[in-house]
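This report describes selected features of one protein model, for reading alongside the sequence and the coordinates.

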Amino acid sequence: MKTFIITGASKGLGAAIAKRVLGSSDRCILISRTKDPEWEEVASQSGTKFTFLPMDLKETEKLSSLVRDMLMEVDAKSDIYFINNAGVIDPIKPIGNLGQESLETSMRVNFMAPAVLTDEFIKQTKDSDRKKVVVNISSGAAKNPYHGWAAYCSTKAGLEMFTRVAGLEQGKAPFPASLISFSPGVMDTDMQGTIRSADEQDFADRDKFHEYKDQGMLRSPELVAEKLLQLLEAGDLDNGKFYDIKDLL
Ligand SMILES: NC(=O)c1ccc[n+]([C@@H]2O[C@H](COP(=O)([O-])OP(=O)(O)OC[C@H]3O[C@@H](n4cnc5c(N)ncnc54)[C@H](OP(=O)(O)O)[C@@H]3O)[C@@H](O)[C@H]2O)c1
C-alpha cells in the first residue's frame with residue numbers, strides 16, 4: 001500500500017505529481033492554499049482515496065499539527081512518500097532591496113516549512129517500521145548563485161544541507177527514513193512566468209530565461225513528475241543525496 005503526501009499540489013510540478021499518483025496509488029494527501037478542481041474526477045476514476053489539507057505554509061507555527069493531521073489519514077501499514085514541493089521564487093531583487101517581509105516569506109515557505117515538516121515527520125514516525133521516503137524539491141540554485149535570487153538560492157541551499165544531514169542521521173535510526181533532494185531543472189510552470197516577468201534591473205539573467213521559453217527548453221512538469229516517480233519506484237535511494245533530473249533523462 002502506498003500513500004503520497006505532496007505540498008504545493010495545486011500547480012506546476014506538484015500538480016503533475018498529484019495527478020499521476022491520484023491515478024495510481026492507494027492514498028493521496030494534498031496540501032496547498034488552493035485546490036485543483038480536477039482532483040475529484042481523477043481520484044474517482046481510479047478509486048484512490050484523497051484528502052485536501054488547505055494550508056498556507058508560511059504559517060509555520062501550524063505545521064506540527066499539520067503533520068499529525070496528515071498521519072491520521074494514513075493506514076498504519078502503508079508506505080509513505082512525502083514530497084515537499086511547494087516553493088516561491090520571490091523576492092527577485094538584489095541584496096539591499098529585498099526587505100524583511102518578503103525575505104521572511106521566502107525563508108518560511110522554501111526552508112522553514114519543509115524543515116519543520118521533515119523534523120515533525122521523522123519524530124512522529126520514528127517507531128514505525130515501514131518504508132518512509134521524504135523528497136525535498138531542490139534546484140540548481142541550491143548549488144549556484146544567480147544575480148537577484150539571494151533569497152531563493154540561500155533557502156534552497158539551506159534545505160539541501162538539511163536533507164543531507166537528515167540522511168546521514170537516519171543511517172543510524174532503528175527504523176530509518178530515506179531523504180533526498182531532487183532538482184527538477186527548468187520547467188514550464190507559473191514560477192517560470194514569474195521569473196520572466198522580473199524587472200531586468202533586478203534579475204540580470206532575465207533574457208536567458210525568455211530564451212529557454214522561446215526555444216522550447218523548459219521541460220513539462222509531467223515529464224519531470226514521471227522521472228521522479230520512476231526514481232522512487234526503483235527504490236534504491238542514497239540517503240541524503242542530491243538527485244538531478246539531468247542524470248535521469
Ligand atoms: N519551475 C522551475 O523551473 C523550477 C526549477 C527548479 C526548481 N523548481 C522547484 O520546483 C518546485 C515546484 O515549482 P513550480 O515551478 O511547480 O512552482 P509553481 O508552479 O509556482 O507552483 C508552486 C506551488 O507551491 C504552492 N505554494 C506556494 N506558496 C505556498 C504557500 N505559502 N503555502 C502553501 N503552498 C504554497 C502553490 O500552491 P497554492 O498557490 O495553491 O498555495 C503551488 O501549488 C518548487 O520547490 C521550485 O522551487 C522549479
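Which backbone oxygen does the side chain of S25 reach? In this predicted model, the side chain of S25 reaches the backbone oxygen of V21, at 2.8 Å.

**A serine in a loop**

S25 is located in the loop that links helix 1 to strand 2 (27-32). Because its relative accessibility is 10%, and buried means under 20%, S25 counts as buried. Leaving aside residues up to four places away in sequence, S25 touches K2, F4 and T48. As for F4, this residue is 21 residues from S25 along the chain, and the two C-alpha atoms are separated by 7.5 Å.

**The ligand and its surroundings**

There are 30 residues around the ligand, of which S10, K11, T34, Y152 and T189 come nearest.

| Residue | Protein atom | Distance to a ligand oxygen atom |
|---|---|---|
| Y152 | polar side-chain atom | 2.6 Å |
| Q192 | polar side-chain atom | 2.7 Å |
| M187 | backbone N or O atom | 2.9 Å |

The ligand taken alone exposes 880 Å², and the protein buries 94% of that area.

S10, one of the residues that come nearest to the ligand, belongs to the loop between strand 1 and helix 1. Is S10 buried or exposed? Its relative accessibility is 16%, so S10 counts as buried. The side chain of S10 is joined to that of T34 by a polar contact of 3.5 Å; T34 is likewise listed among the residues that come nearest to the ligand. With residues up to four places away in sequence set aside, S10 touches A15, S32, T34, D36 and W39.

**Helix 5**

The end C-alpha atoms of helix 5 are 30 Å apart, which agrees with the 30 Å that its 21 residues should span at 1.5 Å a residue. Y152, whose side chain places a polar atom 2.6 Å from a ligand oxygen, is one of the buried residues of helix 5. The others include A151, C153, T155, K156, L159 and E160. The cover over the buried residues of this helix includes helix 4, strand 5, strand 6, helix 6 (190-196) and strand 7.

**Helix 4**

Helix 4 comprises 26 residues, 100-125, and reaches 35 Å from its first C-alpha to its last, close to the 38 Å expected at 1.5 Å a residue. Where is the kink in helix 4 centred? The kink, of about 40°, is centred on R108. Among the buried residues of helix 4 are S106, V109, N110, A113 and P114, as well as E120, F121 and T125. Their packing partners are strand 1 (2-7), helix 3 (63-72), strand 4 (79-84), strand 5 (132-137), helix 5 (150-170) and strand 6 (178-183).

**Helix 8**

Helix 8 (residues 221-234) has 14 residues, which should span 20 Å at 1.5 Å a residue; the end C-alpha atoms are 20 Å apart, so the two values agree. Its buried residues are P221, V224, A225, K227, L228, L229, L231 and L232. After helix 8 comes G235, with a positive phi near 90°.

Technical notes
Residues numbered from 1 in each chain as written. Predicted model: local features only at pLDDT ≥ 70, side-chain atom pairs only at ≥ 80, totals over all residues. Heavy atoms only, no water. Helix = DSSP H or I, 4+ residues; strand = E, 2+ residues; numbered from the N terminus. Expected span 1.5 Å × (residues − 1). Bend = angle between axes of the 7 residues up to and from the residue. Buried < 20%, exposed > 50% of the residue type's maximum accessible area, 1.4 Å probe, protein only. Contact = heavy atoms within 4.5 Å. Near = heavy atom within 4 Å. Polar contact = N/O pair within 3.5 Å; in protein donor to acceptor, adjacent residues only side chain to side chain. Areas by Shrake-Rupley, 256 points an atom, 1.4 Å probe, with all protein chains shown as cover.
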